[in-house]
Amino acid sequence: MENAIINFQKEYTIDLTRSEKVTFIRFLSLYLGASFILLLLLSLLYYQNEKTLHLDLAKTKMENISSQLSSRIIFSHMMDSKLDIDDYLNMKQYEIAFYDREGKKILGNFNDKIKLENGFYQKDSNYILVDNSTFGHLGIFHTVIKDKLFHSLVHTTRNKVLVVFLITYSFIALIGFFLAKLFIKPIKDEREKLNNFIKDTTHELNTPISAILMSSESDNLTKKQLERVKLAVHRISEIYSDLTYIFLEEKDENRVVHELELKALIEEQLKYFEVIALKRKITIHLDLEEFSYKIDKNDFIRLFNNILSNAIKYNKKEGEVFITLKNSTLSIKDTGIGIEKKKLNDIFNRYYRATKEQGGFGIGLNIVQNICKEYDISFDVKSQERKETTFTFKF
């Protein structure tokens, strides 16, 4: 089991960074160390308790045997009958002997030297009971009983406690490993999300920057090159705006909330998407009514641009986008690749990307969700794979 844990740990920690490995090992060491000390203390207390119980039981049994022998000796002496104690002398667990007043052995199979003083004694790993309750009947003044099996019984108990300790600690260690894994998993997941986010952001910035650099090589920009530069600059501005919104946690001191005419604002923003839509041969259909809503201008632009950008980016070539603003409801529908049903609940999570077919770094829909919550805008998304996706916002 220990080897399996080590192999699994190596396989798992290979994907961790150095700091994550240190955290993982420290947590596991602290957990296992504390568990080891606690379990060791419990095991020692249990062992000592069992040892005391065995000792008390052994002493009680020896005292009972001594009392029974004394009764037989006294009864035999008073009745002038033969002393019959062979059944006691043949007991495997005990060695028994009888001594006269001078300490000379009269009868028995106990041969060790011991002081014949009344009491319960330990000699080496065994316990011995000396009893003087025969009062000299049949010339016997001292009865000695030695327990031969107490040491082996305690040794067996110790081995059982050790086995249970090792099994229990192995189980605790296994649980500790999985607890450490669960403890480090959120950190690992966030680090991987951040790494992917940095890679995706670098990739997203590379495209417009490259377009600007290529266009700027010419002294006289053509109309097409100028449009390309404008588009690239607008894309960089969008990326900067989204990153600022995310990492400043929406704490924009310049935010101004007032009544905005959304139809005019939508038509204004569509100018920036004309080049992209034309390039991908996307047709945008409009059905807009006059409607005003109290919201910061930049926040609405972020909301609208993120949804429309996705509608164009994840659309089919020569596809269509339908933008409707009616009855206090904004609807943006595309004829694109769609979203899997099982992923619909996750698309608003930060850094989550439902597909890798196009660029992006998974923060756009999270921004949309945050804006909707802030301005009490209810939203809904419906999608069919390879057919369409519709985002609906009710103001």
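1. A word on angles before the helices come up: axes are lines fitted to C-alpha atoms, for helices over the stretch in contact, and angles run from 0 to 180 degrees between N-to-C directions. Please also keep in mind that this is a predicted model.

2. With that in hand, take helix H7 and helix H8 (residues 364–374), which pack at an angle of about 140° with their axes 9 Å apart. Roughly antiparallel would need an angle over 145 degrees, and H7 and H8 are therefore oblique to each other. The crossing in which H7 passes H8 is left-handed. On the H7 side the contact is made by Asp299, Arg302, Leu303, Asn306, Ile307 and Asn310, and on the H8 side by Gly364, Leu365, Ile367, Val368, Ile371 and Cys372.

3. H7 (residues 297–313) also packs with helix H6 (residues 262–279), here at an angle of about 40° and with the axes 10 Å apart. H6 and H7 are therefore oblique to each other, and their crossing is right-handed. Among the residues making this contact are Leu265, Ile266, Phe273 and Ile276 of H6, together with Phe300, Ile301, Phe304 and Leu308 of H7.

4. Next, the sheet. Which order do the five strands of this open sheet follow? The order is S7-S9-S10-S12-S11, and the pairing is mixed. S7 and strand S11 (378–384) are at the edges with a single partner strand each, so one side of each has no neighbour in the sheet. On average, neighbouring strands are turned by 10° against each other, direction ignored. H7 packs on this sheet as well, where H7 touches S7, S9, S10 and S12, and the direction of H7 makes about 20° with that of S10.

5. Strand S7 (residues 283–288) pairs with S9 in the parallel sense over six bridges, and isoleucine 284 has valine 321 of S9 as its bridge partner. S9 and strand S10 (residues 329–334) run antiparallel and are joined by six bridges, with threonine 324 bridged to serine 331 in S10. S10 in turn pairs with strand S12 (residues 388–394) over six bridges in the antiparallel sense; there, threonine 389 of S12 is the bridge partner of aspartate 334.

6. S9 and S10 form a hairpin with two residues between them, and asparagine 327 in the turn has a positive phi of about 50°. In a regular strand the side chains alternate between the two faces of the sheet.

7. Elsewhere, serine 70 sits in helix H2 (residues 18–79). Is serine 70 buried or exposed? Its relative accessible area is 4%, and buried means under 20%, so serine 70 is buried. Beyond its neighbours within four places in sequence, serine 70 is in contact with Asp131, Ser133 and Thr134.

8. Finally, the whole chain. The protein chain has eight helices and 12 strands, and 39% of its 395 residues are buried. Of the contacts between residues at least 6 apart in sequence, 67% join residues at least 24 apart. The accessible surface comes to about 23,900 Å², with 56% of that belonging to carbon and sulfur atoms.

Conventions. Residues numbered from 1 in each chain as written. Predicted model: local features only at pLDDT ≥ 70, side-chain atom pairs only at ≥ 80, totals over all residues. Heavy atoms only, no water. Pairing = 2+ DSSP bridges. Helix = DSSP H or I, 4+ residues; strand = E, 2+ residues; numbered from the N terminus. Buried < 20%, exposed > 50% of the residue type's maximum accessible area, 1.4 Å probe, protein only. Contact = heavy atoms within 4.5 Å. Areas by Shrake-Rupley, 256 points an atom, 1.4 Å probe, with all protein chains shown as cover. Parallel < 35°, antiparallel > 145°, perpendicular 65-115°, else oblique. Left-handed = near helix turned anticlockwise from the far one by under 90°.
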